[in-house]
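I opened the notebook to record what I looked up, entry by entry. The entries follow the order in which I went through the chains.

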Amino acid sequence: MKRRNFVDIFFGGSLLATIAAFLYPVVRYVLPSKSAGVVQNSVAAAKVDELPPNAAKVFKFGSAPAVLVNTAEGNLVALSAICTHLTCTVRYDGDTGTLFCPCHNGRFDLSGNVLSGPPPRPLETYAVEVSGPDIIVSRKS
Amino acid sequence: MNIRAIRLFAAAALFAPLLAFGQKNSCIECHNRLDDELKAPAASFAADVHAEYGLGCKDCHGGDPSKDDVDKAKDKSFKGSPKRSQIPLFCGGCHSNATAMRAYNPALRTDQLSQYGTSRHGQLLKSGDTKAAVCTDCHGVHGIQSARYPKSLTFPWNIPQTCGRCHADKGLMEGYRIPTDQFDDYKASVHAKALFEKKDLSAPVCNDCHGNHGAYPPSVTSVASVCRQCHPSTGDLFNKGAHKKAFDELGVGECEACHGNHKILAPSTTMIGTDDSAVCVQCHEKGSRGFEAAAELRRHLDGFETGFQAAEGLLARAKQKGVEVSDAEYKLLDVNTVLVTAKNLTHGLDTAEIAKAVADGEAALAGVRAAAEEALDEARFRRQGLAVTTVLLAVLAAALALKIRRMAHDRRKREGPGGSQP
Amino acid sequence: MAQKIAKSVWSFLDERFLLSQLIAFGKKKTVPEHRRSFWYFFGGICLFLTGIQVATGAMLLLYYTPHIGAAHESIQFIMSGVKFGWLIRSVHSWTANILVGLLFVHMFSTFFLKAYRKPRELTWVTGFLLLVLFMAFGFSGYLLPWNELSYFATRVGTDIAGSLPLVGKGLKTIILGGPEVSQATLSRFFWFHVALLPLAALTLIGIHIFLVQTLGMSKPIGERGTKEIPFFPDFLYKDALGWTLVLVLIGVLCVFLPWEVGTKADPLAPTPLGIKPEWYFTFMFSTLKIVPAHILSLEGEKLAILGFMAGGLLWMLVPFLDRRAGREKRSPLYTWIGLALAAYIVTMTVLTYAMPKL
C-alpha cells in the first residue's frame with residue numbers, strides 16, 4: 001500500500017512541477033515587457049522648434065542612424081544617415097544643402113540621390129510629419 | 001512586264017537579304033580564311049566598339065572592301081598597318097579631331113593625343129624608343145571595347161593587369177631604372193582588395209593616381225594631392241598638424257612617407273608608436289618630443305582598440321550561443337566609427353582631440369560591453385533553464401515508468417497468468 | 001476537508017456532463033499489445049505535437065504582425081525583446097519540422113502494418129489528406145517571417161505550382177493573391193495558416209480520431225495474440241512517456257539551435273544561390289531538377305508534377321486497391337511498393353543536401 005502511494009505521489013508531484021515549469025515561460029511571455037515595443041517604424045525625431053532653417057540633426061531610427069534636415073526653405077526631410085559606400089555616418093553640409101560623407105567624399109542631395117563620390121546607391125528616404133509639438137519620422141510603406 | 005524586268009526583280013529579291021548583313025567586306029572574308037596572326041583582326045573585329053558605330057577596316061586602313069581580288073582591294077588608298085611609332089598619330093587622326101568625333105560620340109574627349117604627348121610613354125616614343133606604350137598596348141587592336149564594358153582592357157578592374165603586362169615584366173623594363181614590383185605591391189594593397197574582392201569600382205587603380213593618357217608618376221609634392229581626392233578629411237587634418245610643414249621642408253611625400261605608394265595596407269594602430277614596426281621611429285629618436293607624442297597616441301588608441309575587440313569577442317560568443325544580439329551589434333558599428341575617426345584624427349597630431357574622441361568612444365563601448373554581458377547572462381540562463389526542465393522531465397519520465405510498471409504488475413496480479421480481460 | 005470539496009465538485013460536474021458514463025465508456029477501450037504495437041504511439045505523438053503547435057502558434061499571434069513592413073521586425077522583436085519569445089518561436093519552428101517528420105513515420109508505419117484495410121479505409125484517406133494539410137501549414141508558415149529564404153522559397157514553390165498545364169496560372173494567382181509574392185501573399189498565407197488550414201485540419205483530425213476510437217486499433221495481418229491493455233490509463237501513460245521524451249528533444253534543440261531570424265526579404269535582390277524549399281519538399285524539388293527537359297515531346301517538369309499528383313492520388317486510394325489486404329491476406333506487392341516509395345523519398349531528400357549542385 002505504501003509503495004503504491006509513493007508511486008502516485010511521485011507521479012503527481014513531478015507532473016505538477018513540470019506543468020509549473022512550462023507555465024512560467026508562458027506567463028512571462030504574455031505579460032508585457034518594459035522594452036519599447038514591436039517595431040520602430042516611426043520615431044519622434046525632434047521637437048518642432050528644435051532646428052532652425054538650414055540645420056540638421058542625427059537621431060536613432062530603429063537601430064541605425066538617420067538624419068532630419070530643416071532645409072533653407074523651411075522644409076523638413078529625413079533620410080537614412082548610413083552612407084551606401086562603406087557605412088560611415090553622413091552629415092549635413094549647410095553651405096551646399098547636401099549630405100556629405102567625410103570618409104571618402106561621397107555627396108548626396110536631399111532626395112538621397114548620389115551627386116558625386118564613390119557611393120553606389122541612393123540613401124533611403126523617410127516620411128516626415130508634424131504631430132503636435134513633435135516631428136515624427138516614419139518608414140515609407 | 002518583260003522578262004528582263006522580272007529577272008532583275010528576282011535577282012534583287014534573292015540578293016536583298018545580303019544587304020541586311022551589311023556591305024560586302026572582302027577584307028574580313030579573306031582574312032577569316034587565313035591563319036593565326038592574319039586571321040586575328042577579322043575574327044576579333046566583330047566585337048570592336050568601332051564596328052558598332054558602323055566603321056570598318058577601310059576607315060582606318062583604307063583600301064576597297066568591295067573588291068575580292070587582293071591587289072584590287074589593296075588599292076592606292078590602302079594604308080596597311082602603321083608602324084609602332086606612328087600609332088598615336090594613326091588613332092589620333094580621328095580621336096583628336098573634335099569635328100570628326102562629334103559625328104560618332106560627342107561626349108567623348110578628344111585630348112588623348114595631346115595628353116599622351118606629355119606622358120612619359122609619349123616622351124619616350126618621341127625620342128625614338130618604340131618599346132614605350134602606344135594606344136594599342138592598352139586598348140587592344142581590333143577588339144577594342146569601351147572602358148565602361150567590364151571585359152574591356154581599360155575597365156577599372158582590368159587596368160592593373162593591363163599596365164602590369166609591361167611594368168611587371170623585368171626583361172621588358174630593363175634599362176628604365178624604375179621598379180617592376182608595382183603590380184605585385186598593388187595586388188597586396190587595401191585598394192586592390194576593395195576593387196577585386198568587394199567589387200568597389202570607386203577604388204583607385206593605376207590611372208586614378210598616375211593619369212591615363214598623360215600618365216606620369218606624381219611628383220613627391222603632388223602625391224598628397226592625389227590621395228586627397230578620396231581622403232579629404234585626412235588631408236585636412238594633416239594640413240593642420242606639425243608634420244605638414246616639416247615634410248614639405250624635407251621634401252618628403254606626405255602620405256607616401258608612412259603609407260607607401262602601391263602597397264598601401266589597411267592602417268592599423270601598430271603603425272603608430274615607438275616599437276620597431278611603427279613608422280614614427282623612422283624619424284623621431286628616443287627621448288624626443290615626437291617620440292613621447294607617438295607613445296601617448298599609441299596608448300590612447302591601443303586601450304580603445306583592445307576594448308573594442310574584447311566587446312566584439314563577447315558579442316560573438318553570445319551570438320554563437322544562440323542569443324539575439326543584433327541591437328548590440330549595431331551599437332558596435334557606432335563604436336567602430338569612433339575608432340576609425342580616432343585613427344583618422346592621428347593625422348592631425350592633436351593628442352587632446354584624440355583623447356576626447358577616445359573618451360566619447362569609451363562611453364559607447366561601455367554600453368556595448370553591458371549588452372554583451374547581458375546576452376551572455378541570457379545564454380547562461382537558457383542553459384540553466386534547460387537543465388532544470390530536462391531534470392524535471394526526466395523525473396516525470398521516471399515517475400511514469402514506475403507507474404506503468406506498477407499498473408502492469410497490478411494487472412498481472414488481478415488477472416493471473418494467461419488472462420487478458422481488463 | 002479537501003476530499004469533501006473534491007467530491008462535491010465531482011458530483012456537480014457528473015450530474016451535468018454525465019462524466020461517470022463517459023468514464024465507464026472510456027474504461028472499456030483497449031489497445032492490443034504485440035510485437036508491433038510500439039508503432040501505435042506515433043499517432044498520439046503527432047496529436048501531441050499538433051497541440052504544441054496550436055498553443056505556441058496562438059502565443060506567437062500575440063506579437064506577430066502580418067504586414068511586409070513589420071513582419072520581419074516583429075519576429076526580431078519576439079526573438080530579442082519578448083521574455084521567452086525565443087523559446088516559443090523556436091519551439092514552434094522546430095516542432096513543425098519534427099511533426100512533419102513523424103507524420104511520415106506514422107503514415108509509413110500504418111502502411112506497412114496494412115492498417116488501412118477494411119474497415120479503416122477512411123482513416124487512411126483522412127490521414128493522407130492531413131499530411132497534405134500539414135505540408136501546406138509548413139509552406140504557408142515558412143513565409144510569415146518574411147526573410148530572404150522564405151520569400152524566395154515561396155517564389156520557387158509557387159512557380160512550380162504555376163507551371164501546371166491549364167490550371168497552373170490561375171492556381172498560382174489564387175495562392176499568391178496576385179501575379180507575384182507581395183503583401184497580398186503574406187496576408188493570404190497568414191489567413192491560410194491561422195484560419196483556413198486549422199479549420200480544415202480540425203475537421204479532419206476530428207473525423208480521423210473518431211474513426212480510431214470507433215473502430216479501435218488495427219492489428220497486423222495474421223497477428224494471433226489477444227493481449228489487450230486498457231487505453232485509460234495504461235496506454236495513455238505510455239503515450240505520455242513518449243511525449244515527455246519528445247519534449248526533452250525539443251528543449252535541447254531550442255536552446256542549442258534557436259531558429260534564426262534571417263535577413264529581411266528584398267524583392268529586388270537577386271535570388272540567392274542554392275535556394276531550396278524546406279526539407280520535406282526537397283524530394284519533389286530534386287526530382288524536378290533531375291527530370292530531363294523533355295520526355296517524348298512533353299515538358300519534363302510538367303510531367304513530373306502530374307506524376308506526383310497521380311502518385312498521391314493512387315497512394316490515397318491504396319485501401320481500395322489492395323484487395324489482398326482487404327481479405328486479411330499478406331500483400332507483399334504493396335509492401336514492396338511502400339518500401340520503394342520510402343526509399344525514393346529518403347534518397348531524393350538526402351541527394352538534395354549531398355549534391356547541391358544538381
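**Entry 1: a strand pair in chain A**

I began with strand S9 (residues 125-131) of chain A, which is joined to S10(A) by five bridges, the two running antiparallel. The model is a predicted one, and I read every entry below with that in mind. In this pair I found A:Ala127 standing opposite A:Ser138 of S10(A). I then looked at the turn of the hairpin that S9(A) and S10(A) make: two residues lie between the strands, and A:Gly132 takes a positive phi near 70°.

Next I checked the two faces of strand S10 (residues 134-138) of chain A. A:Ile135 and A:Val137 are on the covered face, while A:Asp134, A:Ile136 and A:Ser138 are on the uncovered one.

I followed S10(A) to its other partner. S1(A) and S10(A) run antiparallel and are joined by five bridges.

**Entry 2: the whole sheet**

What is the order of the strands in the open sheet of chain A? I noted six strands in the order S1-S10-S9-S4-S3-S2, with antiparallel pairing. Strand S1 (42-47) and strand S2 (55-61) of chain A are at the edges with a single partner strand each, so one side of each has no neighbour in the sheet. On average, neighbouring strands of this sheet are turned by 30° against each other, direction ignored.

Seven bridges connect S2(A) and S3(A) in the antiparallel sense. One of the residue pairs I noted is A:Ala56 with its bridge partner A:Val69 in S3(A).

**Entry 3: domains of chains A and B**

I looked up how chain A is divided and found domain 1 (1-31) and domain 2 (42-138). The C-alpha centres of these two domains of chain A are 57 Å apart.

For chain B I found domain 1 (218-262) and domain 2 (289-390). Their centres, taken over C-alpha atoms, are separated by 31 Å. In chain B, eight residues of domain 1 are in contact with five residues of domain 2. On the domain 1 side, helix H17 (232-240) and helix H18 (242-250) of chain B are the elements that give two or more residues. H17(B) has the largest share of that side, five residues. By class I recorded three nonpolar, four polar and one charged residues there.

**Entry 4: chain C against its partners**

I turned to the contact of chain C with chain A, where 16 residues of chain C meet 12 residues of chain A. Helix H4 (71-80) and helix H5 (85-112) of chain C each give two or more residues to the chain C side. That side divides into nine nonpolar, five polar and two charged residues.

The contact of chain C with chain B takes 24 residues from chain C and 19 residues from chain B. Which elements of chain C give two or more residues to this side? I found H4, strand S2 (228-230) and helix H10 (231-256) of chain C. H10(C) gives the most, with 13 residues. The classes on this side are 14 nonpolar, six polar and four charged.

**Entry 5: helix packing in chain C**

I checked helix H6 (residues 121-143) of chain C against H7(C): their axes come within 8 Å and cross at roughly 135°. H6(C) and H7(C) are therefore oblique to each other. C:Phe139, C:Tyr142 and C:Leu143 of H6(C) meet C:Ser150, C:Ala153, C:Thr154 and C:Gly157 of H7(C). The residues of this contact are four nonpolar, three polar and no charged.

On to the next pair. Helix H7 (residues 148-162) and helix H8 (residues 168-176) of chain C pack at an angle of about 145°, with axes 7 Å apart. H7(C) brings C:Thr158, C:Ala161 and C:Gly162, and among the H8(C) residues are C:Leu171 and C:Ile175. By class the contact has four nonpolar, three polar and two charged residues.

**Entry 6: one residue in a loop**

Is C:Pro292 buried or exposed? I placed C:Pro292 in the loop between helix H11 (282-290) and strand S3 (294-295) of chain C. C:Pro292 has 10 C-beta neighbours inside 10 Å and therefore counts as exposed, the cut-off for that being 12 or fewer. I also looked up C:Ser150, which is 142 residues from C:Pro292 along the chain, with 27 Å between their C-alpha atoms.

Definitions and conventions: Residues are numbered from 1 along each chain as its sequence is written. Chains are lettered from A and ligands numbered from 1 in the order in which they are written. This is a predicted model: local features need pLDDT of at least 70, side-chain atom pairs count only at pLDDT 80 or more; totals for chains, interfaces and linings use all residues. Domain bounds come from an automatic or database domain assignment. Helices (H or I, at least four residues) and strands (E, at least two) are DSSP runs, numbered from the N terminus. A residue is buried if 20 or more other C-beta atoms lie within 10 Å of its own, exposed if 12 or fewer, and partly exposed in between; C-beta atoms are placed from the backbone. Two residues are in contact if their C-beta atoms, placed from the backbone, lie within 7 Å. Ala, Val, Leu, Ile, Met, Phe, Trp, Tyr, Cys and Pro count as nonpolar, Asp, Glu, Lys and Arg as charged, and the others, Gly among them, as polar. Axes are lines fitted to C-alpha atoms, for helices over the stretch in contact, and angles run from 0 to 180 degrees between N-to-C directions. Angles under 35 degrees count as roughly parallel, over 145 as roughly antiparallel, 65 to 115 as roughly perpendicular and the rest as oblique. Two strands pair if DSSP finds at least two bridges between them.
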